[in-house]
Amino acid sequence: MGLFHRAKDERFFEQLTEIAGNLIEGTDILAKLMALPPAQRDAERNDLHAVENSSDDLTHAFMNKINQTFVTPLDRDDLSELAYRLDDCMDLIDEAGNLIVVYQLQEIPECLHKQAAILQKCAAVTASAMPRLKTLDELREYWVEVNRLENQADQIYMHCLSDIVNNNPDPIAVIKLKDVTERLEDACDAFEHLAALVEGIAIKES
């Protein structure tokens with residue numbers, strides 16, 4: 001019965017894949033923004049906002065499709081939660097980029113660049129996993145890899161906090177950098193929460 005339902009409308013999975021594709025674009029823009037000097041970051045921040053707005057539009061369209069479809073290929077609550085958690089990832093990526101611009105950070109520590117690189121990897125494996133929701137095959141490697149990346153991100157985050165607090169004499173700079181590193185960590189956590197949801201769906205539907 002589950003396979004029959006999934007075969008009825010593949011557009012659901014195409015839309016999720018499209019939303020996840022924006023995460024790749026968003027994390028790439030974030031990494032580029034962080035590598036630029038402060039005077040050149042505004043344009044990238046605007047591009048990041050545009051990607052976030054696009055994700056919002058795609059998410060709204062996806063939710064409308066759920067509401068207008070009598071039989072959904074997966075549990076409609078699970079589909080809704082997938083969309084919301086993808087949106088959470090994008091929102092936090094956008095917020096991190098915006099903080100960097102608003103705070104006018106002059107120099108971004110290397111550990112924050114490492115956090116951004118982890119987010120790029122999370123986005124890539126997430127986007128590649130979304131089409132496989134159609135059959136729920138070969139997804140284990142996805143959530144295992146995201147969990148591995150999140151563990152790595154935790155170590156980088158703790159190093160960032162230590163470096164920011166112990167090696168910066170300016171208390172205002174400490175607050176700004178701490179906010180950014182925490183937002184980047186929140187984004188990585190959001191990817192892990194999404195992967196855990198996918199794991200739960202795969203177990204329930206198997």
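This is a predicted model: local features need pLDDT of at least 70, side-chain atom pairs count only at pLDDT 80 or more; totals for chains, interfaces and linings use all residues.
Local features here need pLDDT of at least 70 and side-chain atom pairs count only at pLDDT 80 or more, while totals for chains, interfaces and linings use all residues. Numbering starts from 1 along each chain as its sequence is written, and side-chain values use heavy atoms, with hydrogens and water left out.

**View 1. Helix H3 against helix H4.** The axes of H3 (residues 41-68) and H4 (residues 76-102) come within 10 Å and cross at roughly 165 degrees. That makes the two roughly antiparallel (angles over 145 degrees count as such). H3 passes H4 in a left-handed crossing (the near helix is turned anticlockwise from the far one by less than a right angle). Residues of this contact split into 13 nonpolar, six polar and nine charged.

**View 2. An aromatic pair, Phe12 with Phe62.** A search of the whole structure turns up one such pair (ring centres within 6.5 Å). The ring centres of Phe12 and Phe62 sit 5.8 Å apart with planes at 90 degrees, so this is an edge-to-face pair (planes over 60 degrees apart). Phe12 belongs to helix H2 (residues 11-35) and Phe62 to H3, 50 residues apart. Both are buried (under 20% relative accessible area, 1.4 Å probe, protein chains only). Lys65 lies over the face of Phe12, 5.1 Å from the ring centre (NZ within 6 Å of the centre and within 35 degrees of the ring normal).

**View 3. Helix H6 against helix H7.** H6 (residues 140-166) and H7 (residues 171-205) pack at about 165 degrees, axes 9 Å apart. They're therefore roughly antiparallel, and their crossing is left-handed. Here the contact residues comprise 18 nonpolar, two polar and eight charged.

Notes: Axes are lines fitted to C-alpha atoms, for helices over the stretch in contact, and angles run from 0 to 180 degrees between N-to-C directions. Helices (H or I, at least four residues) and strands (E, at least two) are DSSP runs, numbered from the N terminus. Angles under 35 degrees count as roughly parallel, over 145 as roughly antiparallel, 65 to 115 as roughly perpendicular and the rest as oblique. Ala, Val, Leu, Ile, Met, Phe, Trp, Tyr, Cys and Pro count as nonpolar, Asp, Glu, Lys and Arg as charged, and the others, Gly among them, as polar. Rings of Phe, Tyr and Trp (its six-membered ring) pair if their centres lie within 6.5 Å; planes under 30 degrees apart count as stacked, over 60 as edge-to-face and the rest as tilted. Buried means under 20% relative accessible area, exposed over 50%, partly exposed in between (1.4 Å probe, protein chains only).
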